[in-house]
Amino acid sequence: MGRLRVRLASRNENKLRELERLLGDWQLGLLDAENYPPETGATYYENALSKARHGAKLVDEGAWVLGEDSGLEVDGLGGGPGVRSARFGGGEPVERLLAELRDVEDEGRRARYVCELVAISPRGELRGTGVLEGRIADEPRGDEGFGYDPIFIPAGEERTVAELGNEWKAENSHRARAARDLLRAMSRRGWSGV
Ligand code: IMP
């Protein structure tokens with residue numbers, strides 16, 4: 001049987017790289033489409049679904065499409081920036097977040113990354129969710145990963161995700177966890193090896 005061809009409805013190479021490790025049985029590629037819908041959903045799931053639906057209109061019939069949405073939730077910001085993470089801080093999200101947390105300690109610096117994956121396939125829709133708990137560092141460290149990774153320290157670690165690196169992320173990130181959850185949903189439906 002050939003490998004399942006799946007298009008990730010995103011232009012983010014980092015996301016593709018992180019998913020490739022766990023979805024290694026799939027032939028995964030980016031769907032570099034124009035006009036992705038604006039991420040205005042109230043939840044990661046809604047945004048992931050609308051990206052997947054947009055992608056599904058563009059691929060050949062029978063192909064699989066994967067939508068992804070993710071964000072960072074900080075306790076001291078009431079769970080923000082959350083679904084608005086990609087638009088937070090006008091080009092300088094890390095600086096803005098550190099500035100907002102300048103006088104905030106411990107509990108307020110608790111945070112989590114969340115990732116939602118939605119697969120649209122000829123056999124139906126599947127969903128996977130992943131969460132990575134941690135806290136916001138006092139200053140940026142490390143140069144791998146992307147986005148907030150230089151200031152996110154996962155629970156049980158002392159280093160930031162940007163210091164822990166891409167290998168670590170491919171196994172442990174919120175995205176990796178969502179991919180595992182999606183694979184579990186597939187096997188619950190008996191779709192393994194489709
Ligand atoms: P979107 O899922 O592309 O809409 O954007 C998610 C936003 O959340 C990114 O632009 C980052 O700001 C943040 N984010 C999501 N996942 C990660 C990650 O793995 N590392 C760092 N930042 C992330």
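Mentor: Asn35 is placed in the loop between strand E2 (26-30) and helix H2 (44-56). Helices (H or I, at least four residues) and strands (E, at least two) are DSSP runs, numbered from the N terminus. Phi of Asn35 is near 55°, which is positive although the residue is not glycine. This is a predicted model, in which local features need pLDDT of at least 70 and side-chain atom pairs count only at pLDDT 80 or more, while totals for chains, interfaces and linings use all residues. Residues are numbered from 1 along each chain as its sequence is written, and side-chain values use heavy atoms, with hydrogens and water left out.

Another backbone detail is the cis peptide bond between Gly80 and Pro81, with omega at about -5°. Pro81 belongs to strand E4 (residues 80-81).

Now the ligand. The largest pocket holds it. A pocket is an open set of points, on a 1 Å grid over the protein atoms alone, where a 1.4 Å probe fits, with protein on both sides within 12 Å along at least five of seven lines; lining residues have an atom within 4 Å of a point. A molecule sits in a pocket if more than half of its atoms lie within 2 Å of the pocket's grid points. The lining has 28 residues, and Asn12, Lys15, Ser70, Ala86 and Phe146 lie nearest the centre of the pocket. Strand E3 contributes the most to this lining, with 5 residues.

Around the ligand itself there are 17 residues, the closest being Lys15, Glu39, Asp149, Lys169 and Arg175; to be near, a residue needs a heavy atom within 4 Å of the molecule. Some of these surroundings make polar contacts, that is, pairs of N or O atoms within 3.5 Å. Asp149 has a side-chain N or O atom 2.7 Å from a nitrogen atom of the ligand. For Arg175, a polar side-chain atom is 2.8 Å from a ligand nitrogen. Ser70 uses its backbone, where an N or O atom lies 3.1 Å from a ligand oxygen. Alone, the ligand would expose 480 Å², and the protein buries 89% of that; such areas come from the Shrake-Rupley method with a 1.4 Å probe. Strand E3 (64-74) and helix H6 (174-188) are the elements that give two or more residues to the shell around the ligand. The largest share, 4 residues, is from E3.

Definitions and conventions:
Polar contact = N/O pair within 3.5 Å; in protein donor to acceptor, adjacent residues only side chain to side chain.
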